[in-house]
Structures are given as C-alpha cells and as structure tokens.
Amino acid sequence: MSEALRDAGHGLVSGGPVAVIDIGSNSVRLVVYERLSRSPTPIFNEKASCGLGREVLTTGRLNPDAVEKALAALRRFRVLCDRMGVGKVHVLATAAARDAANGPDFVAACTEICRTEVEVLSGKREAQLSALGILSGVHHANGVVGDLGGGSLELADLHGQRIGSGVTFPLGGLALQDTSGRSLKKADKIVKDLLANEPHLEHLKGRTFYAVGGTWRALARLHMFQRGYPLHVMHGYIIPAKEALEFCRLVRRVPIDTLSRIDTVSDVRRPLLPYGALVLEHILRIGKPASVFVSAQGVREGLLYELLEPDERQHDPLTTAAAELNEVRSRSPAHGWELIDWTDAFMKSSGIDESVEEKRLRHAACLLSDISWRAHPDYRGEQSLNLIAHAAFIGVDHPGRAFLALAIYYRHMGLIDEDLSPRIRELVSARLLDRARILGAAMRVGYILSAAMPGTLPLTPLTVERGKLALQLSGELAPLSGDRIANRLRSLARLIGRESVVLAG
C-alpha cells in the first residue's frame with residue numbers, strides 16, 4: 001500500500017477542474033474532469049457528432065457543414081468551461097484536421113474560439129497518447145493498443161511501462177466508407193493490404209489487444225447486451241479473441257438493423273459498425289491475440305496521465321479512487337487504513353494463500369468498506385454493491401469489481417446471500433468468491449469492535465495462533481467481548497476451517 005497515498009489522505013493532485021476537448025474525425029467531445037489526478041473522475045461529458053473526417057481522403061478538404069457544426073460545438077464547450085470554472089482547457093485535433101488541405105484554417109478558428117492552443121496530433125503522437133491512456137487505466141498492461149477513430153487507426157505496443165513506436169493507417173470508419181465507395185468488399189481489400197505484414201500485429205500473438213475508440217466500444221456494447229452480460233461497465237470488458245472474431249464476422253455479414261439489441265447503439269454510430277468490425281476482424285486474424293480488452297481510456301486520459309508528476313504516475317489508480325471515496329464518504333477515513341493493516345496481520349497468520357493482485361483488491365475493499373453508512377441499514381449492502389460495481393474505477397477488471405462489491409455486500413449483510421443476484425457472482429471465480437466472503441466476515445468483526453472509529457483495531461489484533469482464530473481484547477478493551485463478537489468471530493473461523501477464541505483480560 002502506497003505510503004504517499006496514506007499520508008496524503010485521498011492522494012489527490014491539487015487544483016480545480018481540467019478539461020480536454022477532442023476534435024476527432026467523427027465527433028467533437030468535451031470532457032471536464034474534477035481535477036488532475038491519478039484516477040481522474042469526469043464531471044461533465046458531451047459529444048457533438050460532426051463528421052469532420054467524411055470525404056477528407058477523397059476530396060482533400062473538410063466539409064463546410066461539418067466545420068460549422070464543429071465550431072458551433074466548440075463555442076458551446078468554451079462557454080461551459082467558463083461557467084464551470086475550468087482552470088485549464090487542453091484541445092486536441094486528430095486525423096481530419098491534420099490531413100485536410102483547409103485543416104490549418106480550421107485549426108486557427110478553433111484556437112480563436114477555445115482561447116488556447118490546439119495541438120494537432122501526428123499519427124505517432126496519437127498512438128502514444130492512446131497507449132498512455134491504457135497505461136493509466138490498466139493494471140500491468142501487456143499487448144498492443146489499437147485506437148480506431150473516424151479517420152485513422154493507430155497501433156502501439158505496450159509492455160509494462162514501456163511504449164513502443166506507434167504507427168497510423170487511414171482505416172477509420174469514415175475514411176473506409178469514403179475510399180471504398182461504401183463497399184465492404186472493397187474496404188476488406190484495403191484493410192487486408194494495409195495490415196497484412198504489420199510488425200505490431202506479428203508481436204500480438206497470445207497477448208491482449210486493447211481496443212480504444214467509439215466504434216469499437218459500440219461493438220462491445222452490442223456484444224455485451226446480446227449475451228445478457230450482468231455488468232454494464234465498458235472499461236475492462238474482455239472478449240475472448242475467438243468469440244470476438246465470430247462476432248465481427250456476424251456484424252459485417254448481416255444487415256446492421258437486423259442485429260439483436262441494435263437499439264443499444266446510436267443511429268449515428270450504426271453505419272460505422274461493419275467497418276469497425278472489419279478492421280478488428282483482420283487484426284484478430286493476423287495478430288492472433290488471446291483476448292480483446294475494451295477500454296474507455298484513450299487519448300484524453302493519456303494526455304492527463306502525461307501531465308502528472310512522475311511520482312504521481314506510480315500510484316495505483318484503483319487505490320487512489322478507493323482512497324478518495326474513503327475520504328469523502330466514510331465515517332472515519334483513518335479507520336479504512338487501519339482496517340488494511342488489521343486484515344494484513346490476519347491474512348498473514350491464517351495461512352490462506354493470497355496473490356499480489358488479491359492483496360491489492362483487499363486493500364481497496366478496506367478503503368471502500370464504509371462508503372454507504374448513511375443508507376438505511378437494510379439497504380447498505382445493496383447500495384454498496386451497486387455503487388462499487390458501477391463506479392468510474394480504472395485499474396481493475398470486471399472480476400475485481402465484482403470481488404470489491406461482494407466483499408462490502410457481505411460486510412453489511414452477512415454471509416446469507418439469497419437476495420443477491422446470482423449474475424454478479426458469475427463474474428468471479430470460486431476462489432475470489434471465497435476470498436470475498438472471508439474478507440466480508442472479517443470486516444464484520446472489525447466494525448463491531450471499532451464502531452468504525454480509529455484507534456481500536458491496532459489494539460485488538462486478529463490472528464491465527466496455535467491453530468485457532470484468536471481475537472485479543474486486553475486492558476480497557478476487554479469489556480468489548482460479548483455474544484455478538486463471539487458469534488461473528490465464529491462465523492469467520494468456520495470459513496477458514498478453524499475454531500475461534502476471544503483472549504480477554
């Protein structure tokens with residue numbers, strides 16, 4: 001657990017709201033974040049579908065109507081930023097602005113409206129920022145990042161903290177529509193010719209493909225709803241490569257409006273789905289990755305990550321987010337940190353095998369364990385589960401989310417889970433479910449000891465000694481012993497196959 005985060009309370013970087021305006025080939029988007037942080041939280045997000053990249057590759061110019069739509073959106077966004085008290089606005093422009101002959105005039109107009117410099121991203125720079133976005137939001141990333149926009153596709157290799165050189169291709173949905181004359185057969189040949197011998201894909205075998213961009217997120221959303229997936233959080237949605245390949249072939253083969261659950265995709269995005277599916281199909285067929293990881297993080301979040309101080313980048317984004325919620329929603333934030341140390345000692349003595357990742361998740365759960373205390377007691381478990389499962393966390397996959405939600409549910413509601421939807425339990429392995437129950441049971445002991453206040457847990461260690469689960473209550477804390485403590489301790493002991501004992505005196 002990061003000492004810097006513990007010492008800083010919530011570990012946030014100081015400052016007011018920060019905004020990123022992304023002038024893309026398909027849409028122009030404003031995202032305002034609460035502050036510059038290792039785990040940035042959006043407080044406002046709006047998109048205008050302008051189609052700047054339509055026909056740029058065939059005419060060489062930005063369409064006048066698209067330009068007017070984009071400039072009108074920017075005027076609105078600038079006023080919104082002013083009204084929200086945004087201190088710094090970062091403006092990025094991608095393929096359409098850099099490829100069009102009238103791009104410089106458009107960028108000059110954007111600069112005047114936004115009252116700040118517009119960074120026109122090269123293809124390599126866009127690939128780098130996309131990779132930084134994955135680095136920011138994925139714990140221990142290893143694979144190839146692919147960012148599909150309206151005008152271009154960027155690829156970059158990512159292994160740990162190392163980002164390889166990026167490449168760009170004119171394979172965005174709008175670009176493919178234009179260059180193929182809206183023929184999927186011609187588009188298929190274009191994609192095949194451009195990607196056939198791409199080195200980035202040759203190094204993808206058995207690794208993860210990180211899919212960035214609105215069209216691929218729409219594809220994933222359609223897949224998610226078709227299969228009845230229980231957690232409607234896009235970031236961290238993982239599709240096995242073989243399943244993703246079959247789905248891509250289905251999307252480009254069948255008339256788009258006949259697909260099941262196509263209503264979950266916006267009308268504007270639907271015409272681009274077959275082209276996005278076509279590009280992803282070729283990537284999967286050539287690269288042979290193990291899985292596709294769908295990311296909500298991309299260029300914008302990569303830019304924010306780049307702006308952080310080097311030591312801030314090293315913080316765990318999940319821990320940072322959990323620490324922030326602990327700071328603003330718990331009865332005593334210090335108690336959450338004490339709970340980490342208390343359960344550390346318990347797990348170490350118990351003999352229960354715990355991986356590094358499981359320990360990381362347990363620490364985050366401790367920080368989140370009291371965030372729903374203001375709810376009615378009968379609904380604290382349900383509220384915690386819904387809040388944690390659907391929170392804007394990064395740095396955690398869906399099984400990890402489910403573990404956090406389940407552990408806090410059990411902390412409030414006990415180990416009887418008839419009212420718990422079986423779908424959320426399907427997201428975790430039997431091992432993780434067992435760990436969630438053990439942690440929830442331990443928290444039930446800890447909270448009845450401490451009343452959620454700091455200072456008690458360090459004086460009441462819970463450890464396995466001589467084959468028994470022992471809770472030590474000494475001195476002035478001895479009167480804390482009683483039937484409720486004994487019952488909860490006994491429940492925890494049964495989960496780990498031990499007998500329980502309270503050492504009071």
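Guide: Accessible areas come from the Shrake-Rupley method with a 1.4 Å probe, and for residues only the protein chains shown count as cover. The accessible surface of the protein is about 21000 Å², and carbon and sulfur atoms hold 50% of it.

Visitor: Where does the model come from?
Guide: This is a predicted model, in which local features need pLDDT of at least 70 and side-chain atom pairs count only at pLDDT 80 or more, while totals for chains, interfaces and linings use all residues. Residues are numbered from 1 along each chain as its sequence is written, and side-chain values use heavy atoms, leaving out hydrogens and water.

Visitor: How many helices and strands are there in the protein?
Guide: The protein has 22 helices and 15 strands. These are DSSP runs, numbered from the N terminus: helices are H or I with at least four residues, and strands are E with at least two.

Visitor: What percentage of the residues is buried?
Guide: Of the 505 residues, 56% are buried, where buried means under 20% relative accessible area, exposed over 50%, and partly exposed in between (1.4 Å probe, protein chains only).

Visitor: Let us change topic: where is threonine 456 found?
Guide: Threonine 456 is in the loop between α21 (430-450) and β13 (462-465).

Visitor: Why does threonine 456 count as buried?
Guide: Threonine 456 counts as buried because its relative accessibility is 15%.

Visitor: Which residues does threonine 456 touch?
Guide: Leaving aside residues up to four places away in sequence, threonine 456 touches Glu338, Leu449, Ser450, Leu477 and Leu480. Contact means heavy atoms within 4.5 Å.
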